[in-house]
Every structure is written in C-alpha cells, then in structure tokens.
Amino acid sequence: MASYKPPSSGPSKPTVVGIYGISGCGKTHLVNELKNTHQLGHFLFYEGSEVIASVVPGGLAAFQGSNQSQKQEWRQAAIDKIRYESIESKQTAVVNGHSMFWFEEDASGEFVFTEADANTFTHILYLEVRPELIALRRSNDAQRQRSHASINHLLKWQSADRGQGTVIKAMPHPRNPVHNEQHNLSLAQWDLDGVLSNLGKDLATMMFFDADKTLAAEDTGSMFWQLASSSGDKSGTLKELFSGPLQYSYTAFRQATLLYEQEAFESSVDKLDTLLDLVAASVSIRSEFIDLLHLISKQNNAGAVILTCGMHQIWKKILQNHHLADVVSVIGGGRVQDGYVITPEVKASLVVNLRAARGLYVWAFGDSPLDIPMFQQADQAVVVVGEPNLRSKSMEEALKTSIDNDGLRARQLLSPSHVAPIVGIDQVPVMTLRDSDILDSLTLTTPFPRSGLEVLDATDTAAARLLMTPTRNANISGPALRKAHEDIGRYLATTILSEKLGLDEYPIPHVQGIRTVGYRIHAEARTTIIALMRGGESMALGVAGVMEKAMFVHAKEPEGVEWHHLQGQSTVLLVDSVVNSGSSMVRFIQRICRLHKRIRIVVVAGVVQRQSISPESGSLHVLAKALGGFMVVTLRLSDNRFNGSGITDTGNRLFNTTHLL
C-alpha cells in the first residue's frame, strides 16, 4: 500500500484547527467563507475528504472500496499530511472534518475520528446548528446527493457525534445562533414590537387572545394531524408528545415544531398548503369575538393579537377567511422559519412587557392551563368556557389552584351562553363582551375623567351634617371617633361610589329558600383600597366594609405602595380622613402612576380643602390635568385652611395620642 511520506524534520506540534459537525451543518460553506477572507490568507484550508483522495491511489472510489482497517490507515495518512504541511509552511491549518457518519437505516453510526486526529488537532470547533435547519439544507443541496435523514435522526446523530469527547468548544454558526429560551423570547418580543409599531402611539389597551378553543371552539392542531394521517394514524401526535415527560416545556414545543417540519418534508408544498387550507376552512371564530374584533378595529387606542402555541399559518388563513386579517395580528410558530415557539412563559412575559414597560392595559383571553401564566400577569383575565366535550379537562383544577394559591382573579365567558360555568361563579364571576368595563377599555366611555379633575361631594346634604358632627366634637375621640370615620367611609361607598362606579349582579340565596339577585360595587374584586396611615385607616375600613372583595393595603409613605398591590387591578381608592394642601396625596398618586399608568384613581376623604382642588393653583387639580385625570370623593369641602396638631390633630384624636406633641 502506498502512503504519504512526511518530511524528516520540523517541529512536532503545529496549530491545527478542526471544524466539525454532522453532514449538512455548513462546514464546507464556512471554510469557503474563511478562505475568501483577506485577513486569513496565512492559513491553510483543507477539506478532509479531498486530502484522503490525494493520499489514496485511486482516490475516494478506492478508499470507499477498502476495508475498515485500510480506511483507518488512509485517514491517519491524511491527517499526517496536514500536520506536516502545516509544519513546513509554519501556517495554521484549518480542516473540515467528520467524527462519525450515520445513515438513518443503520442501527448505529460509524465513528471515523482516529487517535491520530486526537493527537494532531490543537483546537476543535463544533458547528452547533439546529437539526431542522440541517434537514432543510440537505434537502435543498443541489451540488451533492445526500441520503434522506429525518429531523429526529439528525438530532440523535448530532447528540452522538458531540458525545465522543472530541469537542473543545461548541461554536454556533454565525448566521444561526444557538436557540435557547432567552433567544426564543427575544424573537417573539421582536415580532410584538413590530405589531405595536404598526398600531401607533395612541395605543392604550391590548387584547391578547389564545387561539384554539378560545377564539374558536375547534383545535386546529388536532385537525391538522387528523388530515395528515394518510400515511398512518397521526391524530395523537401532539397529545403523545405533551403528555410525556417533557409536558408543556420549551423543549416540548420545540419538538412539536420539528414534528410539523418533518410532516412538511414528507409532504409536497402543494399538499401542505392544501392541509392548512382545509383546516382553516373548517374553523369558525365565535360570533361574539367577531363583533368584538370589529369593534377593536374602529378604535385608535386598542389592538388585538393572537398568541398561539400552534401553527400560526393556519390562524392567518382563518383570519383571512373571516376578513379579519387587517384587524388582528398573529404571533406564533409552527415552522422552523418562524424562528421561535410560543410557550406559556412567553405569553406571560409579553404581557408583563406591555404592562410594565409600555403602561398598556392588557386583557387576556384563554381556555386552558397554558393560559394561566398569562392570566396572572394581565389586568383582566377572561376564561373562555366552551361546550363540556370541547373544553380543557384539566382547566377546572388548574384554575382553582391558581385562585387559591396565587390569588388569581378572573372572570369566565360562557360560549355559547347556555353552557355551565367551569367553576363556581362566586369564585369566577360570569361576564359578557358587552360588560361596561370591556367597552370602557375600547371606547373610552369610562365614567372616570380622562382629563382634569372630577370632584363629588355631599357638603350640603343632611346626611353630611349628621355624619360630620361627631368628627368635629372635641369631646369625642378614640374608638367612638374611629367609628364615626368608619361610618363616613361606609356612607361614601354606599352612596357616591356605588353610583359612580356602578353595580354588578351576583346570585345569592334568598331567606325564602330560593335564589335571587344580589348587588356589589362594580369590579370590587379588582379594586385596591389604600389606607393612608394613620388617619385614613378608619375611613378606609368603612369603605372596605361595603367592598368586601377589595384588596386592603396600609401605606404610611408612597413607597409603601408596590407593584403587586396594583397588578391585575382596575381601580385604586386612596383613602384619608383629611386632605389639606394635597401634597401628600399628590406624592401617592405620582407613585401609583409610575407603577401602573392605566389604573383608575379615586381619592376618598372625609374633608377636602377647596384650595387643593382650585382650578387656578390647586395641587390636585394641576396634577389631574397633567396625568390625565382622576376623581375626588368627599363628605364635605372646607374653606378652612386650619392644619391640626397635638390635641387638634385628627390622627391623635383617633388613637388617643393627643398628649404626644
């Protein structure tokens, strides 16, 4: 056997860099690009198979006809040639090589990385390219004939190839970065940013919709795999994946993308488009959502986005069929070229970004446990409840767990309206898409002022005269005075707040043993009552006595109000006994607006000095005009600018600390 004869002298350890990766990952393309880089002219570049052909009499054909022992000798001769040419030229060698080959029909691969390779290479860089992209390249390679390899096989091949201990550093292809959860989220966020840019600067409300079983009763994923079953039963493809150990993880959704991609490879382009068209044509968006989406399209301040964990191409076709493609944007994956997948965590992160970074008011509509992370971060969470045989079987337990353990506040939308709620309406109230708060979000017909200050008071009423008497009586302090302040809070909530905020109906048991209708202040479960300590506590307790489901927070300073006190809330009530100059209240309002730009703010007080609300220079009036508006509700307005201290201070009188100066 003829072999390559190395020179007899020279250094023993030149720099030799190996570029490795399975067939089709782009090694040859990368090496060719490096060859054409002017700054790398002092490097030697080698294609491993070409070097083997040069040392074997008869070239590659003769090499392929050799037995394994002979092949091993020729491979060693090839790497020896590279090493000694690098020594002679005093240049760094860059080699495009393989550590193993594996045909799909074989039970295992053939390892071709030799001991001589290990002794020669000083660096090995491994091109870590996604298997689905490798599959695309192999199928589209017009320059060489490649054997068929499924994505699953390429994944196994790559795992085994990298597991041989030959890799010093894994190197992502420069045009194909390694995909991980952080990169995945950044791509989804990039698409959402594009949607927001198109919607314009007036956007104030965003509505996120899950797709399957939410906007429509059907599950497009199941429908796709049923139609794709011509080559075998594939109807349980995704169910088997997500019910396995990966469950609904990022890895599982990535694997689902590979399954869709493999189906695309096995189908012609025309067949795949036909499948997508057939699925889309069989889906009907719920009529109430069609009306809502058309309403959104007429508003400058609102937008709608579908966040789908399935194939976004199907939902784009569905929207086209319903003439909604220009109204609703779709963010989702399904194919490799989409670049990302939508997971429950991605849904939640996109909501957080819109609320915290952009100050938008976010509604989230969904039907399954996958939507609960999104629900927990949204201002308004709506569980869409379909027919019993079509709804998620695990949603009831998951929803109750989130309510009990995480404090989730949600409502349920029954579609069709005659179906039974998924959980008790005492825990998750029933709503319709015609409820006032959802229309307020879209049409800006909210009863709260959008600009300027609205003041509601009972100064000249008989009730105000009765209620204010004990608060002005110097002989009353301690528990009796606290009770008087609590009565004022209850009165203001019962009369003014109930009228201004509106009422919600809910079922209650009647004393006669039947069910009847009860009433509570609108959206009280999504209201936060903040008692400004310490003078505002008693009055705040009175308000809370009327709004039993509202969150109650004590705050001595504005910094005591935190994001989680406002998260998911629609209204905040700032309660104090007396508003004098308004400076303290201004700081609290500014704090709240920094945390939550879209929340509705109501100041509730027993007494408010007129100067603080004066249109000319009142601190509350000026702030309301600058921030977009809020409301002041008070028992009475006072022209008296007296600020109490010691025995005249309201806080001291409430808690019998008048002796503390």
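**Reading the aromatic cluster and its surroundings**

Mentor: Ring pairs join Phe 209, Phe 289, Trp 363 and Phe 365 into a cluster. The model is a predicted one, in which local features need pLDDT of at least 70 and side-chain atom pairs count only at pLDDT 80 or more, while totals for chains, interfaces and linings use all residues. Residues are numbered from 1 along each chain as its sequence is written, and side-chain values use heavy atoms, with hydrogens and water left out.

Trainee: What is the mean pLDDT of the protein?

Mentor: pLDDT is the predictor's confidence in each residue, from 0 to 100. Its mean here is 82, and 86% of the residues reach 70 or more. Over residues 1-11 the pLDDT is below 50, and this stretch has 16 contacts in the model beyond near neighbours in sequence; contact means heavy atoms within 4.5 Å. Residues 444-450 also stay under 50, with 27 contacts beyond four places in sequence.

Trainee: How many aromatic pairs does the structure hold?

Mentor: Rings of Phe, Tyr and Trp (its six-membered ring) pair if their centres lie within 6.5 Å; planes under 30 degrees apart count as stacked, over 60 as edge-to-face and the rest as tilted. The structure holds ten such pairs. One of them, Phe 289 with Phe 365, is edge-to-face, at 5.7 Å centre to centre and 90° between the planes.

Trainee: Why does the pair of Phe 289 and Phe 365 tie together parts that are apart in sequence?

Mentor: Helices (H or I, at least four residues) and strands (E, at least two) are DSSP runs, numbered from the N terminus. Phe 289 lies in helix α13 (residues 287-297) and Phe 365 in strand β11 (residues 361-366), so the pair links parts 76 residues apart in sequence. Phe 365 also pairs with Trp 363, and that pair is stacked, at 6.2 Å centre to centre and 15° between the planes.

Trainee: Is Phe 289 buried or exposed?

Mentor: Buried means under 20% relative accessible area, exposed over 50%, and partly exposed in between (1.4 Å probe, protein chains only). Phe 289 is buried, because its relative accessible area is 0%. Trp 363 and Phe 365 are buried as well. In the protein, buried residues make up 51% of the 661 residues.

Trainee: Which residues have the most contacts inside the largest nonpolar core?

Mentor: In soluble globular proteins, nonpolar side chains tend to be buried together. A nonpolar core is a set of buried Ala, Val, Leu, Ile, Met, Phe, Trp, Tyr and Cys residues joined through side-chain atoms within 4.5 Å. The largest one here has 52 residues, and those with the most contacts inside it are Phe 209, Phe 224, Phe 289, Leu 292, Trp 315 and Phe 365. Helix α11 (residues 250-266) supplies the largest share of this core, six residues. A second, separate core of 40 residues includes Phe 63, Ile 82, Val 129 and Ala 135.

Trainee: Which residues are buried in helix α14?

Mentor: In α14 (residues 312-321), the buried residues include Trp 315, Ile 318 and Leu 319. Just after α14, His 323 takes a positive phi of about 60°.

Trainee: Where is Thr 114 found?

Mentor: Thr 114 is in the loop between β5 (110-111) and α5 (115-120). With a relative accessible area of 4%, Thr 114 is buried. Not counting residues up to four places away in sequence, Thr 114 touches Gln 72 and Arg 75.
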